[in-house]
Amino acid sequence: MKKKLKYIEEYFFRGIMFASTLFIMIILLTLIGSILIKGLPALSWEMITQTPKGGFYFGKEGGVLNAIVGSLYLSLGATALALVISLPLSLFINVHLAGTKWLVNSIRFLLDLLWGIPSIVYGAFGFTIMMYFGMRTSLLAGIITVTLFIIPIMVRSMDEVLKTAPRGLLEASLSLGSTKSETAYFILARQCITGIITAILLAFGRAIGDAASVLFTAGYTDYLPGSITDPVATLPLSIFFQLSSPIPEVQQRAYGSAVLLTFIILLISVLTRYFSYRYKKQSVKQL
Amino acid sequence: MDIRRLIRIDRKNFRIGRVLRNSLHFTWMQITFTLIAILPFILLLGLMYKSYFLLESHSVTSILLSPNWKPLRGEFGFLPFIISSIWITVFALLIAAPICLLSAIHLALYADRWVLRIMHPVIDILSGIPSVIFGVWGIVAIVPLVAAAAAVFNIQSSGYSLLTGAIVLAFMIIPFILNLLIEIFRNIPTSLMEACLSLGFTRWEAIKYVIIRKAAPGIISAFGLGLSRAFGETIAVLMVVGNVAKIPTGIFQPAYPIPALIANNYGEMLSIPLYDSALMLAALLLFILVTFFNLGSRFLIINWEKKI
């Protein structure tokens with residue numbers, strides 16, 4: 001009898017474990033499903049190609065081109081700026097500091113801490129800096145804030161890839177007389193290029209989807225940004241603002257914009273998977 | 001002209017160029033390293049500098065423990081926000097924790113290859129979905145559900161409540177915790193499981209009596225990291241939680257967590273004296289709490305990894 005009970009217990013728990021895994025999948029499906037059902041009817045060509053016209057926020061004509069362009073400018077700028085800092089730093093950790101374990105571990109620890117800080121805190125900090133230098137809300141301030149926010153993400157994901165590269169590769173390169181920076185950029189970075197691209201895409205996805213950090217710093221506008229000191233609209237914020245309107249047509253457009261954002265994120269995710277698959281296939285294996 | 005001399009000069013220049021480039025790169029790397037190393041302290045100082053104005057006229061205890069939030073009269077009591085934040089985070093963790101734990105055990109110790117092949121992209125996509133999309137989904141799907149549930153209990157509720165916020169938040173942190181937990185269960189040596197099975201345990205018994213105990217510190221720290229992640233989530237929670245600055249007394253009551261407070265009031269913060277300072281103090285509080293949780297969890301997990 002006791003023996004039977006334990007097999008029943010086994011099957012019971014196996015069942016609810018499978019159920020909870022299934023549940024997580026269902027969450028994703030209902031999430032994407034409900035966004036699509038609500039948003040697809042609201043999508044139109046006009047929405048992607050026009051900026052808001054007069055009376056847009058009362059349900060009249062116009063689109064969210066200002067937010068799409070703003071989001072792209074902002075995240076591309078921030079990703080580029082973050083790359084300039086992240087790539088050297090992650091190479092520095094893995095080539096120059098490879099001998100000093102405690103330093104590597106503490107910088108990784110610090111980066112994990114920075115990763116954990118909520119984006120709203122970065123936003124508030126960006127705002128403080130902005131006030132200190134007397135800047136207005138602008139594309140530049142937004143880019144700087146988002147850059148700070150995505151640097152830890154980018155460095156840590158690059159670092160995870162660079163860590164797996166075989167040590168022998170570095171030693172061979174150094175023994176042939178190349179300098180450390182040549183080894184870093186021409187050997188290690190090239191070996192891990194697909195992993196680095198994955199990290200960049202990941203950071204780009206975070207940058208384009210985050211609303212809290214740009215709330216204070218990038219501002220909001222109905223126009224396309226003309227220069228780097230203009231305020232700029234972003235897609236997440238435009239969804240947020242349109243959804244808080246009481247007018248049904250405007251809310252409909254929020255759902256439409258949500259479909260756009262989801263689509264961008266899914267596209268990035270597919271690209272990421274493709275590159276990490278390529279990385280697994282191409283990389284030099286440890287002997 | 002002696003061609004050898006030319007070659008020699010050329011080589012020399014080439015070498016100088018390489019050394020120069022190397023040192024340039026090295027300098028830039030050191031600059032980025034320093035930048036990141038001091039960034040947390042700059043963050044802390046920047047927020048402290050701004051919130052100092054409020055602390056000059058109000059004492060810390062009066063701010064943290066007063067329930068009155070009336071910026072126009074100069075009363076800045078954080079208590080409703082702190083309590084809202086704690087309740088929402090705790091409820092979110094209560095919902096997410098069992099699902100994550102069971103699913104992680106399933107994926108790490110039971111699942112077939114095809115399940116993993118499906119679930120890996122699912123978790124990746126779920127963790128990449130922006131906060132605001134979760135918020136939209138919360139409004140579309142969860143808010144009516146919660147309103148209906150409240151009606152069953154005969155409670156008046158619009159659906160924009162503490163419970164709604166907690167549910168949306170729970171789904172947001174599930175992929176994050178799940179990834180950590182799977183990693184932790186994979187780190188446990190398979191020999192443990194094999195030894196148990198050879199003694200006649202069923203798989204679940206082995207998990208219940210041995211694996212879970214071995215993994216306990218790791219599991220706790222994964223939940224700790226999830227907690228700190230949940231604590232700082234802004235937009236999604238802000239959209240569904242109702243935002244009423246009172247201490248919530250039930251799960252169907254609207255709440256107002258700290259991140260929502262900061263995000264919601266950026267518009268009027270420059271027109272009222274000390275308001276911006278109060279919001280920066282809220283950000284500082286958030287920063288300190290989250291970092292504290294993160295630190296604790298990370299130390300726990302590092303110690304645990306050393307032991308294994």
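The largest nonpolar core holds 177 residues, and among these Ala124(A), Leu181(B), Ala282(B) and Ala283(B) touch the most other members. Helix 6 (residues 162-187) of chain B supplies the largest share of this core, 18 residues. Because domain 1 (3-57) and domain 2 (63-307) of chain B both give residues to the core, it lies between them. The model is a predicted one, and every value below is computed from it.

**Around the core**

- Leu181(B), one of the core residues that touch the most other members, is in contact with Cys100(B), Leu101(B), Ala104(B), Ile219(B) and Ala222(B), when residues up to four places away in sequence are not counted.

**Contact between the chains**

- Chain B brings 70 residues to the contact, and chain A brings 66 residues.
- On the side of chain B that touches chain A, the largest share, 19 residues, comes from helix 1 (residues 3-57) of chain B.
- Sorted by class, that side of chain B has 47 nonpolar residues, together with 14 polar and 9 charged ones.

**Helix 4 of chain A**

- Helix 4 (residues 101-116) of chain A has 16 residues, which at 1.5 Å a residue should span 22 Å, and the distance of 23 Å between its end C-alpha atoms agrees with this.
- The buried residues in helix 4 of chain A include Ile107(A), Leu111(A), Leu114(A) and Gly116(A).
- The cover over the buried residues of this helix includes elements from both chains: helix 3 (65-96) and helix 6 (139-163) of chain A, and helix 1, helix 8 (203-232) and helix 11 (275-307) of chain B.

**Chain B as a whole**

- A compact globule of 308 residues would have a radius of gyration near 19 Å, whereas chain B has 26 Å.
- Taken along the principal axes, the C-alpha atoms of chain B fill a box of roughly 100 × 70 × 35 Å.
- Of the 308 residues in chain B, 44% are buried, and among its contacts with a separation of 6 or more, 74% are accounted for by residues 24 or more positions apart.

**Chain A as a whole**

- Chain A has 12 helices and 0 strands, so that DSSP-defined elements along its sequence give the pattern α-α-α-α-α-α-α-α-α-α-α-α.
- The box filled by the C-alpha atoms of chain A, again taken along the principal axes, is roughly 70 × 65 × 35 Å.
- Buried residues make up 47% of the 287 residues in chain A, while residues 24 or more positions apart account for 76% of its contacts with a separation of 6 or more.

**A backbone detail in chain B**

- Most residues other than glycine have a negative phi.
- Asn243(B), although not a glycine, has a positive phi of about 55°, and this residue is found in the loop between helix 9 (235-240) and helix 10 (258-264) of chain B.
- Asn243(B) has 19 other C-beta atoms within 10 Å and is therefore partly exposed, given that a residue is buried if 20 or more lie within that distance and exposed if 12 or fewer do.

Notes
Residues are numbered from 1 along each chain as its sequence is written. Chains are lettered from A and ligands numbered from 1 in the order in which they are written. This is a predicted model: local features need pLDDT of at least 70, side-chain atom pairs count only at pLDDT 80 or more; totals for chains, interfaces and linings use all residues. Two residues are in contact if their C-beta atoms, placed from the backbone, lie within 7 Å. Helices (H or I, at least four residues) and strands (E, at least two) are DSSP runs, numbered from the N terminus. Ala, Val, Leu, Ile, Met, Phe, Trp, Tyr, Cys and Pro count as nonpolar, Asp, Glu, Lys and Arg as charged, and the others, Gly among them, as polar. The radius of gyration is taken over C-alpha atoms; the globule rule is 2.2 Å times the number of residues to the power 0.38. A nonpolar core is a set of buried Ala, Val, Leu, Ile, Met, Phe, Trp, Tyr and Cys residues joined through C-beta atoms within 7 Å. Domain bounds come from an automatic or database domain assignment. The expected span of a helix is 1.5 Å times one less than its number of residues.
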